[in-house]
Amino acid sequence: MSSSKKSSDGKSSEIEEAVASLTMPFNKILLTSSDGESFEIDEAVARKFQIIAHMIEDDCAGKAIPIDNVTGDILSKIIEYAKKHVVEPDEDEDEEAKKKLDSWDAKFVEKLDLETIFKIILAANYLNFEGLLGFASQTVADYIKDKTPEEVREIFNIENDFTPEEEEAIRKENAWTFNG
Amino acid sequence: MSFMEKLPTSPKSPLRRRRSSWTGPWLNHPTTSFKQVVSAVIQAQSPRSRFKSLSSDFSDVDRTLSLSDSLLLKILEKLPESQNNDVALVCKRWLCLQGRRWRRMKVFDWDFVMSGRLVSRFPKLTNVDLVNACLNPLRNSGILLCHKSISFHISTDSSSNWDFVEENLLDNEMVDRGLRVLGRGSFDLLKLVVINATELGLLSLAEDCSDLQELELHKCSDNLLRGIAACENLRGLRLVASVDGLYSSSVSDIGLTILAQGCKRLVKLELSGCEGSFDGIKAIGQCCEVLDELSICDHRMDDGWIAALSYFESLKTLRISSCRKIDSSPGPEKLLGSCPALESLQLKRCCLNDKQGMRALFKVCDGVTKVNIQDCWGLDDDSFSLAKAFRRVRFLSMEGCSILTTSGLESVILHWEELESMRVVSCKNIKDSEISAALSSLFSLLKELTWRPDTRSHLSSSLEGTGIGKRGSKFFKKR
């Protein structure tokens, strides 16, 4: 690939990087969120997002890639997670590393409220980032683990659309009529 | 405020048909926050309402609506099974999603099937067991009678006769109707267990559930088998004709032949409490060319059936269980033949007094590499010596055979040149003190040995640390 280097006189580093990414497609990928924030990440990190991995395979990942469905704040969180998880430690071989990563994950998610986690789920789904999607889903599941239906409704503001009779019928069925 | 509460959660709501990209345009706007997204959505839905002062307090909105069904399912799948019922009671959408996760089910209530509730709540079932539902329940009785997978309550005054199953069983027509309801709603059905069906019910089920692979038919009869050919993808079949003390029905050569001609692709077959004879078994052997496993349980077959086993060209595993006799007059030995592909023979809970039958059976199965005898009675040294007919045994497991002695065991296994591993558990008459030198040198050559013939076996404890009896042919030269 011919390197079309432009003189670096006052051009913003972002443009330089965009050009560089044209000529050196194996190093950095530039992502732009829906609200204009840009993130430059290593190709290895970008490949965690299957949607981008496919673009790289198909050679369409030259310039900056716009991520239209995700805002900057969410995208930055996702990239932060992806960077930490570029290499997943093997549970059998490196227990220490796995434990450290797990505790980092726990801290990562501690600071986030439910609203953000939902946004992360939607974004991870769009980007096809299995690892984060699974982790975020587990986090939401942990919110509702061992809670009664009423408490679950409370957490998510779900409307109870059962009539008392319907609810009674379902409870009876669950108790008596079948077994998994 | 009130509009917020009426936020629809019904399946038809456009809010539910979302994919994450749908929220794209909304999330694009740099200053949009989630609550504004939703209020914008609501405004879009009802253009006439100007809800500027919507208490767009995020806490009023059902947050899970932003998730598609598949995303919500991903979350629900991570919850423990103990919470299945709680999840189902949150709202109708969750009930529906949760129901779609169930694949296997044992049903206890017939109304649940007939009313269609079973298929509407659980549309993706692949494995359904209806037997207990076909028995009229008496829930307020304190007596629960269990036999293998069937369990039901019996009333305290049905003590003298043992007809409680016959008396409390749903009649054929009812069962068939239930099968029709089930079939119309469960297209993914792969396995079904049912009692007292007829061929009509089976035919209608086969029409709707074309993927049906496994059937277990209790109180099966020759007539019922007429419907079996309709199940074109059937791979596994278990027929229970009679169970002593519970119910009785008859599967004879007629039924077996119909079965043979209708189910040519069977891989697994179990015949329990069936009658029949050489002809029926031969038909199955000849027609079911890919049959891999055959189990015969509590058979009531006519003598002479063992010779038919040589017609099973692909049979790898033969299991004989709960039989009071094997075959009292199996016919002349030269006509017995041999089951060509057989690898494993398992005898469980059988009476092995019948020496003629044993001789014939061992002759037909002489090529097996794995022999497993468990909880059988009547196996004395004489009977076991017939096992010398096996030419290629590599693995032997004996459990719960209390008459066999050490010398009886020894005379046979020293004869087997290819024996590699052995397991002897709870065979009380086999004593450590009687182990001869030849036997112990055989032990040292085995790749694997489990030796616990009696609770006071000293050998197993003294084998500790010596390396004998563990995997490790590197320690010992092979013969």
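Leaving aside its neighbours within four places in sequence, with which residues is B:Leu130 in contact? The partners of B:Leu130 are B:Val107, B:Trp110, B:Val113, B:Leu179, B:Leu182, B:Leu192, B:Val193 and B:Val194, where contact means heavy atoms within 4.5 Å.

This is a predicted model, in which local features need pLDDT of at least 70 and side-chain atom pairs count only at pLDDT 80 or more, while totals for chains, interfaces and linings use all residues. Residues are numbered from 1 along each chain as its sequence is written, chains are lettered from A and ligands numbered from 1 in the order in which they are written, and side-chain values use heavy atoms, without hydrogens and water.

**Nonpolar cores**

B:Leu130 belongs to the largest nonpolar core, which has 125 residues; together with B:Leu192 and B:Phe384, B:Leu130 touches the most other members. A nonpolar core is a set of buried Ala, Val, Leu, Ile, Met, Phe, Trp, Tyr and Cys residues joined through side-chain atoms within 4.5 Å; buried means under 20% relative accessible area with a 1.4 Å probe, protein chains only. Helix 14 (residues 355-364) of chain B supplies the largest share of this core, 5 residues. Because domain 2 (105-362) and domain 3 (369-460) of chain B both give residues to this core, it lies between them; the domain bounds come from an automatic or database assignment. Another core, of 55 residues, lies apart from it and includes A:Ile56, A:Ile74, A:Ala82 and A:Ile121.

**The sheet of chain A**

In chain A, 3 strands form an open sheet of mixed pairing in the order 2-1-3. Strands (E, at least two residues) and helices (H or I, at least four) are DSSP runs numbered from the N terminus, and two strands pair if DSSP finds at least two bridges between them. The edge strands, each pairing on one side only, are strand 2 (38-42) and strand 3 (65-66) of chain A.

| Strands of chain A | Sense | Bridges |
|---|---|---|
| Strand 1 and strand 2 | antiparallel | 5 bridges |
| Strand 1 and strand 3 | parallel | 2 bridges |

A:Leu31 has A:Phe39 in strand 2 of chain A as its bridge partner, and A:Thr32 has A:Pro66 in strand 3 of chain A. Of the 5 residues of strand 1 of chain A, 4 are buried. The hairpin of strands 1 and 2 of chain A has 5 residues between the strands, and A:Gly36 there takes a positive phi near 85°.

**Confidence**

Chain A has a mean pLDDT of 82, with 84% of its residues at 70 or more; pLDDT is the predictor's confidence in each residue, from 0 to 100. Over residues 1-8 of chain A, pLDDT stays under 50. Where pLDDT is low, the predicted coordinates should not be read in detail.

Note on methods: Buried means under 20% relative accessible area, exposed over 50%, partly exposed in between (1.4 Å probe, protein chains only).
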